[in-house]
Amino acid sequence: MDAPPSKKRQRPDDDDGDPAGGGPSSSSSHRSPSSSASLADVPATEHYHVSYMHRKTVTHCAASPRHGYVVTGGADGVVKFWKRTSTRPAAGGAGGGGGGGGAGAGAGGAMGKGGGAEGGPTRCLEFVKSYSSHVGPLLSLCISRPNGDSAASVGYDGTIKFYDVAAFDVSGMIRTGRSNDAKRRFRLGRHAALIEREDLYLLVSTRAPTREEWKADEKEREEQRRRRQQAQDSDDEEDGPLPQGASEAKKDEARSTAADGGEWVPPGAILLFSGTNLSPDPLRVITHHAAPVTALAYHSARGWAVSGDASGVLEVWNVPFSSSDGNGDGGPLPFKSKFDTDLYALMKKKTYAIDIAASEFTKDKGGLGHFAVYSSDRKIRLFSFLKCNLVCIYDERQKVYDKLLSSKSSAMGIDAIEYGKRAALEREMEDAHLLSGGVAVHPSTKQAFATVMSSSEGSHHQSLRMSFDNTGKHLLIPTIVGVKVIDVTTHRVVATVGKGDASALRFLHLTLCPGDAKVDQQMQLARSGGSSAAITHGEGGDEPNDALLVALAYGKRRLYAFSHRDPLAAMNNKDEEPDERAVLDRDVLNEAPDASDLLEASHLGRGDEGADAAAEATTMSKAILRTTHGDVTIKLLAPKDTPRTIQNFVGHARSGYYDGVVFHRIIPGFMIQTGDPLGDGTGGESIWGGEFEDEIRRELRHDRPFTVSMANAGPNTNGSQFFITTVPTPWLDNKHTVFGRVVGGMEVVMAIEGVKTDELDRPLSEVKILSVDVS
């Protein structure tokens, strides 16, 4: 069986003022003046201000208030730096920016209409730089506490990278597991905290093995036991081993363990790395937990860490920066005995933490703040740092919303159909292990397994994250109805952020950036043509600040920025319906759009000419390849089922992209392949740039010769290359998108198939496409 047609990656020779807890959010019109004033750093708008893209699902976000940067990470290992800009309406032409997309380019230029008009919206964030930091998804991304001068990313590839935030540059890297004399083995986990003291330190959890890794480990341990037994038997066959002291036996065992690659750290261990000397070996292995750690937070004012594990245990502990006894270097803990606290509350309810948010700033007695724990039973438990006692429980279980929906007095503001759609998405999130912290525990053996692997879908690598505001009075929780803002002193919902977009977006991961942003005044002056109006900081005390809430949504490759200005609410105040253009202008196309982006654009009318051209392309039914050997007529199949594939092919044909392109791969009794402008099978891209997803249809199969199908380098990697089969090739079904059949010029196809080729299936004489006509 021949290899499937492919695009080679290398050259050929490289062969919610309601009580918190499930209730609806209170309307902003019901907010008291004092509540509004206290929400100065929480953008309580119903719609996001602007969104930007990653190439893959955005999984992590962090912010440095000191330097005004936001750092995001994607499922492809890419880390992006964004500079905060003023959210105040621009004067003259101050809202623009360079074209987005490339490294170092501003993202503002892709915003479409509305960015440069007087009083028009600004872009909130500006793209600065991106790094392909890891091979595969990120495990964690964090900003240093308390100052935010550094950042760190942890990847599935076992590397840790440190960044200088002010210079948006990589400052160091640790490749774990590469030390020749490593005595301890570990797998980096999904929870980390970066700490600034005299030196830079990184706390990283360790993760449980996947089932496959556990089986491999068991096999490895069995092999080690077998080798040791063989060595012992060999000694016994000779004169017998000499008497050996206990210390010598321990040394031999340690040497044997080191030779076998080191000993695995205990389950639930937390590693402390130095970000200064960048040693691959951790400074400390902290063993407060006996089960895998599922949440971690850091209280920088006291030097305390708060962590939770899969058995439901919560721990508050000092970080041992210099001491090796595990007692730590921070201040005294807020309790003398753990039995005097409520840190066993989760274990008693047979649940465990999947996120912990810590607040250091509060005006309550003691001034220690609170920490909130989001647990796997969908309840948020609020604890006080003063004595680590449970203060309140906010219930976010789905049955609470079910009860609210069935109540005639429900004020959720959504009907049963809309609620059903959102409830289905919640179940999907559960299937993606997002609400389990990525851990599953075997009921009988109690062995913990990681449920998310590096090869899992991008949405599986996302995580839920809450946030406190900078006053410590408000807790922000992502929910099914939007982002609830809860006053932790009254335990009531005082606002709901993003409820106008909650029907389409399930917000998960929250990063709050308090105002005001650090604005580059020289840049603002340059963009406004020298007008100082561009940097005016408002008049009077009613002018809102530049606080931002950056939210990530389930399964989305966008980051959504909320400010105090709602671009859609402004039109509603004029008793107008939100303009479709205004809705779309919020979404900056700084990366190549995917199918969902194009579908949304076609529904809402982004670029009428582009939408019309796309609609026209999918009405084409015939294409004629005019080659050096004759004409080949292709019937384009099911444009409604494969709209992007047809649009891509027709777009390339009309633009002349295929003109002069050779048939670079010919295999007799299989197929002929073309569409690569480089002519060697390594090039070509879609009309949108880069690659696009498969459109596999059960009824469109490789069940006959003269089938026209897309070549690829794996799932969802279509570009410009395509092939024509000369025999039935059923093994290609469900791997390649079929979009046409040859209905004329079969003899030309057979003539091209008959051209002599070399050992790499490259034709010895050139066969070209002269042009392609579509109708």
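# A chat about strands, cores and cysteines

Student: Hi! What does the accessible surface of the chain come to?
Tutor: About 33800 Å², and carbon and sulfur atoms hold 49% of that. Keep in mind that this is a predicted model.

Student: Noted. And how many of the residues are buried, as a percentage?
Tutor: Buried residues account for 52% of the chain's 775.

Student: How many helices and strands are there?
Tutor: The chain has 13 helices and 40 strands.

Student: Let's pick a sheet, then. What is the order of the strands in the one with β3?
Tutor: That open sheet has 4 strands, arranged β3-β4-β5-β6, with antiparallel pairing. At its edges are β3 (58–64) and β6 (125–132); each has a single partner strand, so one side of each has no neighbour in the sheet.

Student: By how many degrees are neighbouring strands turned against each other there?
Tutor: On average by 20°, ignoring direction.

Student: What joins β4 to β5?
Tutor: Strand β4 (residues 69–74) and strand β5 (residues 78–84) run antiparallel and are joined by 5 bridges. Within that pair, T72 of the sheet faces K80 in β5.

Student: Which strands does β9 bridge to?
Tutor: There is strand β8 (residues 150–155), antiparallel to β9 and linked to it by 5 bridges. Strand β10 (residues 169–175) is antiparallel to β9 as well, with 6 bridges between them.

Student: Which residues stand opposite each other in those pairs?
Tutor: A152 stands opposite F162 in β9, and Y163 is across from V170 in β10.

Student: What about the turns: which residues have a positive phi?
Tutor: In the β8 and β9 hairpin, with 3 residues between the strands, G158 has a positive phi near 85°.

Student: New topic: which residues touch the most other members in the largest nonpolar core?
Tutor: That core has 31 residues, and the ones touching the most other members are L625, L636, F649, F722, F739, V742 and V772. Helix α12 (residues 643–655) supplies the largest share of this core, 4 residues.

Student: Take V772. What does V772 touch?
Tutor: Setting aside residues up to four places away in sequence, V772 touches A623, I624, L625, F649, A653, Y658 and D659.

Student: Where does T729 sit?
Tutor: T729 is in the loop between β38 (722–725) and β39 (738–744).

Student: Is T729 buried or exposed?
Tutor: T729 counts as buried, because its relative accessibility is 0%, under the 20% cut-off. Beyond its neighbours within four places in sequence, T729 contacts F670 and H702.

Student: Last one, cysteines. How many disulfides are there?
Tutor: The count is 0 disulfides.

Student: Are C513 and C142 buried or exposed?
Tutor: C513 is buried, with a relative accessible area of 1%, and C142 counts as buried at 8% relative accessibility.

Technical notes:
Residues numbered from 1 in each chain as written. Predicted model: local features only at pLDDT ≥ 70, side-chain atom pairs only at ≥ 80, totals over all residues. Heavy atoms only, no water. Helix = DSSP H or I, 4+ residues; strand = E, 2+ residues; numbered from the N terminus. Buried < 20%, exposed > 50% of the residue type's maximum accessible area, 1.4 Å probe, protein only. Areas by Shrake-Rupley, 256 points an atom, 1.4 Å probe, with all protein chains shown as cover. Pairing = 2+ DSSP bridges. Axes fitted to C-alpha atoms, helices over the stretch in contact; angles between N-to-C directions. Core = buried A, V, L, I, M, F, W, Y, C linked by side-chain atoms within 4.5 Å. Contact = heavy atoms within 4.5 Å. Disulfide = S-S within 2.5 Å.
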